[in-house]
Amino acid sequence: MTENLTGSSAEPAPVEQPDAGGTTTEAAPPRRRPARRTPKLDLVLAAAVDRAREGVLDIAPSEQIGAHVGSVADGDRLVTHRFEAKLAGYAGWQWYATLARVPRGKDATVCEVGLLPSEKSLLAPEWVPWADRVRPEEVAAAAEAEAAAAAEAQDDAESAPVADTAEEVPESAGQVDAANEETSATAGEDAAVAEAPAAAGEDEAAATDTTEDFTEATS
């Protein structure tokens, strides 16, 4: 039977296990993201105002392009120029042309052109859901109109006269009997008219037979 020679109940400290290569693994320090640098305005592209105007002329006539407003650096060797837009219904809007160049190059290339609003632009109001646009007084007025319509319909239903079906039944039965009698009389007249030619034909046939018999007897 073995005894604890240390005389202490404390657990031993964990020992780092070496990896497959025989070296101990250590936690890598967290990487710091580099601070975002504000792009510097490219002087070559900033001076290419005429080249930017030529790019805008590809999508708009010259009379709709106003004065040059300014230029903004969007990145390294990437500058956007803006011009006043003289368009009806587009107050405060601006034409823009984005220019770029290769490193150590002097020629500006038009990357993108278009129309953008400015801080003073005339814009459409933000969309508001219908439930938020309806005012409380409008909801109350609609509820009152529905209640008035329902009450009017109920009053019309209560004031409508009730038909007396007990008196209408005998009258209807009498009308049916009269119609049946009239139909029977018409049928009798038609039968009499149809039998009259048949009787006339029989009389003629009998007269003919009598004449023939008399002729035979005298001869």
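A salt bridge is a side-chain nitrogen of Lys or Arg within 4 Å of a carboxyl oxygen of Asp or Glu. Two salt bridges are found when the whole structure is searched. The model is predicted, with local features needing pLDDT of at least 70, side-chain atom pairs counting only at pLDDT 80 or more, and totals for chains, interfaces and linings using all residues. Residues are numbered from 1 along each chain as its sequence is written, and side-chain values use heavy atoms, with hydrogens and water left out.

**R101 and D42**

- R101 lies in the loop between strand 3 and strand 4 and D42 in the segment before helix 1 (43-46), so the pair ties together parts that are 59 residues apart in sequence.
- R101 is buried at 18% relative accessibility, and D42 is buried at 10% (buried means under 20% relative accessible area, exposed over 50%, partly exposed in between, with a 1.4 Å probe and protein chains only).

**Other surroundings of R101**

- A polar atom of the R101 side chain lies 2.7 Å from the backbone oxygen of G105.
- Beyond its neighbours within four places in sequence, R101 is in contact (heavy atoms within 4.5 Å) with D42, V44, L45, R77 and D107.

**R51 and E54**

- The side chains of R51 and E54 also meet in a salt bridge (3.6 Å, N to O).
- Both residues lie in helix 2 (residues 49-56), three residues apart, about one turn of the helix; helices (H or I, at least four residues) and strands (E, at least two) are DSSP runs, numbered from the N terminus.
- R51 is partly exposed at 33% relative accessible area, and E54 is partly exposed at 44%.

Conventions
A polar contact is a pair of N or O atoms within 3.5 Å; within protein, one must be able to donate a hydrogen and the other to accept it, and residues adjacent in sequence count only if both atoms are side-chain atoms.
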